[in-house]
Amino acid sequence: MPNMQNRILASSIMAFSAVLFLVEPARSAQPAVGTVQSLVAGDRACYVEILTADGRRTTELASFDICEQKLVGKRVQFTYKSGKVLAASCEGDVDCGKSDTVMLIIEAKVLAERPRRIQDLPDGNYRYWNGRSNQPIVSNDELLEQGGVTFTFRKRGSNITGVFGYIDGEAICVKGEVNGNTVTGTSVQNLSGATVISQGKTFKNFGPSGFMQVRRGRQLSRTIVLYSSTLLNLNDMNWINAGSRVPPRNC
């Protein structure tokens with residue numbers, strides 16, 4: 001008899017959980033970074049409308065002091081913390097004595113405007129990627145999951161040296177000068193089985209992405225191919241965290 005009662009109780013809990021799941025669907029995670037579209041001080045909290053990098057619009061609750069900051073139109077990093085606000089069931093009645101526990105934005109840090117052109121970047125080490133992320137730090141796991149191409153490079157004045165590569169495939173070292181977002185120079189591939197893509201004057205794509213084109217290639221050895229003319233267009237790639245890999249000083 002106790003076993004039968006336990007089974008009935010377990011079935012009831014599962015059915016109740018299923019109803020809760022249907023009534024209250026899972027909510028998307030709060031964005032860590034986004035562009036603030038509006039700030040509205042409401043009866044429960046400050047309402048922050050956010051546009052994320054992937055085009056998603058969401059409205060998050062924040063502490064009232066966030067509404068006093070000049071954040072509209074700016075790219076912002078958000079910090080959240082669990083807190084209490086006036087319960088939605090109170091319908092604006094501040095004396096109703098009820099509260100809801102929610103995740104509140106407690107800090108909003110305006111991120112520095114990034115130069116639109118690689119040419120205008122200060123000297124340093126950088127990494128660009130053709131994907132997009134909602135996180136301020138792109139992890140290796142996310143790169144592997146989304147795939148695409150990266151360019152990890154060292155910039156000194158107008159001189160660029162770096163590695164352009166497919167996350168799940170071939171890579172090549174690039175050295176040249178940057179003008180706007182285009183690097184012009186030479187490239188060297190050091191890979192077992194590497195073969196020349198274009199020997200003559202015609203540019204051909206290095207891989208399927210279309211970001212990089214090479215020509216005037218020479219087979220220096222069974223593993224090394226040199227292209228004396230290379231174009232790398234980074235207009236549609238995005239600046240992300242540099243990562244742990246240091247770009248080469250030379251090719």
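Trainee: Which residue in β13 does Ser187 stand opposite?
Mentor: Ser187 faces Tyr227 of β13. Keep in mind as we go that this is a predicted model.

Trainee: What makes β10 and β13 a pair of strands?
Mentor: Two strands pair if at least two bridges are found between them. Strand β10 (residues 182-190) and strand β13 (residues 224-233) share 8 bridges, in the antiparallel sense, so they count as paired.

Trainee: Where do β10 and β13 sit in the sheet order?
Mentor: The sheet is open and has 9 strands, ordered β11-β12-β13-β10-β9-β8-β7-β6-β14, with antiparallel pairing.

Trainee: Why are β11 and β14 called edge strands?
Mentor: Each of them pairs on one side only. They cover 204-205 for β11 and 238-240 for β14.

Trainee: Now the cysteines. How many disulfides are found in the whole structure?
Mentor: The search gives 3. With the bonded cysteines numbered in sequence order, the pairing reads 1-2, 3-4, 5-6.

Trainee: How do you know that Cys46 and Cys67 form a disulfide?
Mentor: The cut-off is a sulfur pair within 2.5 Å. The sulfur atoms of Cys46 and Cys67 are 2.1 Å apart, and the two form a disulfide. Cys46 lies in strand β2, while Cys67 is in the loop between β3 (57-62) and β4 (75-86), so the bond ties together parts that are 21 residues apart in sequence.

Trainee: Why is the disulfide of Cys46 and Cys67 called right-handed?
Mentor: The torsion about its S-S bond is about 90°, so it is right-handed.

Trainee: What makes Cys46 buried?
Mentor: Buried means under 20% relative accessible area. Cys46 has 0%, so it is buried.

Trainee: What about Cys90 and Cys96: how far apart are their sulfur atoms?
Mentor: They are 1.6 Å apart, and the two cysteines form a disulfide. The torsion is about 50°, so this disulfide is right-handed.

Trainee: Are Cys90 and Cys96 buried or partly exposed?
Mentor: Cys90 has 8% relative accessibility, so it counts as buried. Cys96 has 27%, so it counts as partly exposed, since that class runs between 20% and 50%.

Trainee: Which cysteine is joined to Cys173?
Mentor: Cys251 is, with an S to S distance of 1.9 Å. Here the torsion is about -80°, so the disulfide is left-handed. Cys173 is in strand β9 (residues 171-179) and Cys251 in the segment after β14, 78 residues apart, so we speak of a link between distant parts of the chain.

Trainee: On to the nonpolar cores. How many residues has the largest one?
Mentor: It has 24 residues, and those with the most contacts inside it are Ile118, Phe151, Phe153, Phe164, Met212 and Leu232. At least two residues of this core come from each of β6 (124-129), β7, β8 (159-166), β9, β12 (212-219) and β13. Another core, of 12 residues, lies apart from it, and includes Val48, Ile66, Val76 and Ile105.

Trainee: What makes Val48 buried?
Mentor: Its relative accessibility is 1%, so Val48 counts as buried. Val48 is found in strand β2 (residues 46-51). Beyond its neighbours within four places in sequence, its contacts include Val36, Leu39, Ile66 and Ile105.

Trainee: Why is Thr150 called buried?
Mentor: At 14% relative accessibility it is under the 20% cut-off, so Thr150 counts as buried. Thr150 lies in strand β7 (residues 149-156), and among the residues it touches, leaving out those up to four places away in sequence, are Tyr128, Trp129, Phe164 and Met237.

Trainee: And Thr52: buried or exposed?
Mentor: Thr52 has a relative accessible area of 4%, so it is buried. The residue is placed in the loop between β2 and β3. Setting aside neighbours within four places in sequence, Thr52 is in contact with Pro31 and Asn134.

Definitions and conventions. Residues are numbered from 1 along each chain as its sequence is written. This is a predicted model: local features need pLDDT of at least 70, side-chain atom pairs count only at pLDDT 80 or more; totals for chains, interfaces and linings use all residues. Side-chain values use heavy atoms; hydrogens and water are left out. Helices (H or I, at least four residues) and strands (E, at least two) are DSSP runs, numbered from the N terminus. Buried means under 20% relative accessible area, exposed over 50%, partly exposed in between (1.4 Å probe, protein chains only). Contact means heavy atoms within 4.5 Å. A nonpolar core is a set of buried Ala, Val, Leu, Ile, Met, Phe, Trp, Tyr and Cys residues joined through side-chain atoms within 4.5 Å.
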